[in-house]
Amino acid sequence: MSCHIPSALVHGALGQADQALSCAHQALALVEAMDDNAHEVATTYLNMSAFYQSKGQLDEALDHIDRALRLFDGMEQVNIHYASAQSARGGVLYHLGRYDEAADAFREAAVYAERFWGRKSEYISAKTNLATVCQASGELAAAREHLTDALRAGEALWGAEHPQVCSLRALLRRLSEA
């Protein structure tokens with residue numbers, strides 16, 4: 001592997017999306033030339049999607065996420081990055097106003113996050129995002145259900161007084177008043 005991926009990630013963290021994408025394209029060219037490369041190519045696509053998203057190029061971000069997911073789907077074993085890819089896909093679809101598809105992606109993210117890590121922070125995030133999508137599409141009962149599930153998982157993971165749990169509780173309270 002080359003230094004292009006770490007460089008891309010550093011540029012991305014510094015908000016330098018154009019430089020990040022340049023490094024990521026160079027890395028992609030290298031990993032595509034490797035044997036048995038599906039995981040590396042998919043992960044590179046997923047990283048690139050974040051850089052496109054930071055530039056506001058949501059359609060391009062979604063295209064790269066979908067490329068990554070197609071590669072993950074073709075792998076013999078389910079990849080641990082699958083949950084992250086579905087979560088990223090849900091976020092982009094939400095911002096594009098495609099709520100039904102976003103909800104499906106967050107549901108998948110929650111299933112795979114729970115499978116890989118249990119009801120930990122990735123699961124809580126997916127369920128919270130799913131609640132946000134449900135609320136935006138007017139499905140308040142479903143939003144409350146997903147947020148309640150996230151709250152219970154958060155309480156079990158961090159305890160009732162953790163700031164994240166308090167935040168989830170406040171969100172649920174506001175949602176219940178709506």
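Which residues of the largest nonpolar core touch the most other members? Select Met 48 and Phe 72, which hold that position among the 50 residues of the core; a nonpolar core here is a set of buried Ala, Val, Leu, Ile, Met, Phe, Trp, Tyr and Cys residues joined through side-chain atoms within 4.5 Å, where buried means under 20% relative accessible area, exposed over 50% and partly exposed in between, with a 1.4 Å probe and protein chains only.

The model is predicted, so that local features need pLDDT of at least 70 and side-chain atom pairs count only at pLDDT 80 or more, while totals for chains, interfaces and linings use all residues. Residues are numbered from 1 along each chain as its sequence is written, and side-chain values use heavy atoms, with hydrogens and water left out.

Next, colour the helices that supply at least two residues each to this core, among them H2 (17–32), H3 (38–54), H4 (58–73) and H9; helices are DSSP runs of H or I with at least four residues, numbered from the N terminus. Then return to Phe 72 and display its contacts (heavy atoms within 4.5 Å), which, leaving aside residues up to four places away in sequence, include His 39, Leu 46, Asn 79 and Tyr 82.

Select Tyr 94 and Tyr 99, whose ring centres are 5.5 Å apart and whose planes meet at 40 degrees, so the pair is tilted. Tyr 94 is partly exposed at 26% relative accessibility, and Tyr 99 is partly exposed at 28%.

Another tilted pair joins Phe 116 and Trp 117, at 5.9 Å centre to centre and 55 degrees between the planes.

For a last stop, select Ser 176, which lies in helix H9 (residues 163–177) and is partly exposed, with a relative accessible area of 45%. A distance drawn from the C-alpha atom of Ser 176 to that of Gly 12, 164 residues apart along the chain, reads 38 Å.

Key
Rings of Phe, Tyr and Trp (its six-membered ring) pair if their centres lie within 6.5 Å; planes under 30 degrees apart count as stacked, over 60 as edge-to-face and the rest as tilted.
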